[in-house]
Amino acid sequence: MIGLIVASVSLNFYSRHLVIKHNETIEEIRQVRDGVASTLTWVSFSDVGVRGYILEPKQQFLNPYLLAKAEYQGTLDTLTLYLTKQEYSNMDLFIEARNAVEEYMDLLEQMVELTASERTPEAVGLFKQDAGAEALMPYLTFREDVAVFEKNIEEASNQSYQNALQATLFVQLLLAGIGIPILFIAIFRINRNRNQRYQLFQQLDESNRQYVFNDSSDNEELDATTVIDKLITNLKQATNFIQQIAQGNYATDWEGMTEETRSVNQGSMAGEL
C-alpha cells in the first residue's frame, strides 16, 4: 500500500514535469512553424514591393519590401535558435535555404538601389533572371523536411504525455481499488472497538450498580466519564460509610439511599452496610 502511494506521488510529479516539458515542446514547434511560414511571407512581401517600386518608383510601393527587410533576419535568427535547440537533423539543409533567402534579399536590395538611381533597365534585367524561383527551391525542400521533423517531435511528445497520464490513472485506480476496502475495514474495526468499549463501560456500570450502589438513574446514555465518576463516588462513599461505622457512628446513612433505592440495593455493598 505504501509502495503504491509512493508510486502515485512520484508519477504525479513526473506527470507534472511532462506537462511542462510537453508545453515547452509545443511552443518550440509553434515557433519553428511560424518562422518557416513567416520567412516565405517576408520574401513574398519583398518581391511584390520591389516589383511595384520598379514599375512606379514611389515610396508606398516600396513599403512591403521595407517591412520585410526589417523583419526577415530576426525571423531567420529565431528559426535557427529553435532548430538548434531541437537538434534538427538536417541543419545543412536549413543553412542552404537560409543562405538562398539572404542572397535573394540582397539581390532585391540591389534592384531597389538601381531603381532609386534611375537605372531601372538594369533592375529589370536582374528581375528577368528570376532569381526568386532559384532561391525558393532549397527553401521549399527545407520546408517539407522540417515539417516532417516537427510532426515527429509533436507525435512523440503527445505519446509520452498520454503514456504518463495513463500510468498515473492506472496507479490511482489501483490505489483506490485497494484503499477503499482498507478504509471500510478500518471503519469496521473502529466501530467494533467503539462498541466493545461501550459494552465494557456498560458492564462496569452494571457491576457498580449491582455490587456497590444502585442510584436507580437511567443508564441508557452513560459515557465513560460518567461511569468512572459514579464508581469513584460510590467507592468514596463506601469508604466514608465504613469509617463512620468504625468510629461508632451507627446512625450514619448512605448518601442517596432512599426507600426506593433500598429495594434495588439488596445484595449490594450499600444495601448490606
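Is Glu109 buried, partly exposed or exposed? Partly exposed, at 27% relative accessibility. Buried means under 20% relative accessible area, exposed over 50%, partly exposed in between, with a 1.4 Å probe and protein chains only.

Some ground rules. This is a predicted model: local features need pLDDT of at least 70, side-chain atom pairs need 80 or more, and totals for chains, interfaces and linings use all residues. Numbering starts from 1 along each chain as its sequence is written, and side-chain values use heavy atoms, without hydrogens or water.

The fold, then. Eight helices, zero strands. Helices are DSSP runs of H or I, at least four residues; strands are E runs, at least two; numbering goes from the N terminus. Of 273 residues, 33% are buried.

Next, helix 2, residues 59-85. Helix 2 bends by about 30° at Glu71. That bend is the angle between axes fitted to the seven residues ending there and the seven starting there. Its buried residues include Tyr65, Tyr72 and Leu79. After helix 2 comes Glu87, with a positive phi near 60°.

Now salt bridges: a side-chain nitrogen of Lys or Arg within 4 Å of a carboxyl oxygen of Asp or Glu. The structure holds ten. Back to Glu109: Lys69 pairs with it, closest N and O atoms 3.2 Å apart. Lys69 sits in helix 2 and Glu109 in helix 3, so the pair ties together parts 40 residues apart in sequence.

Arg51 and Asp47 form another, at 2.6 Å between the closest N and O atoms. They are four residues apart in helix 1, about one helical turn. Asp47 is buried at 15%; Arg51 is partly exposed at 42%.

How values were computed:
Expected span 1.5 Å × (residues − 1).
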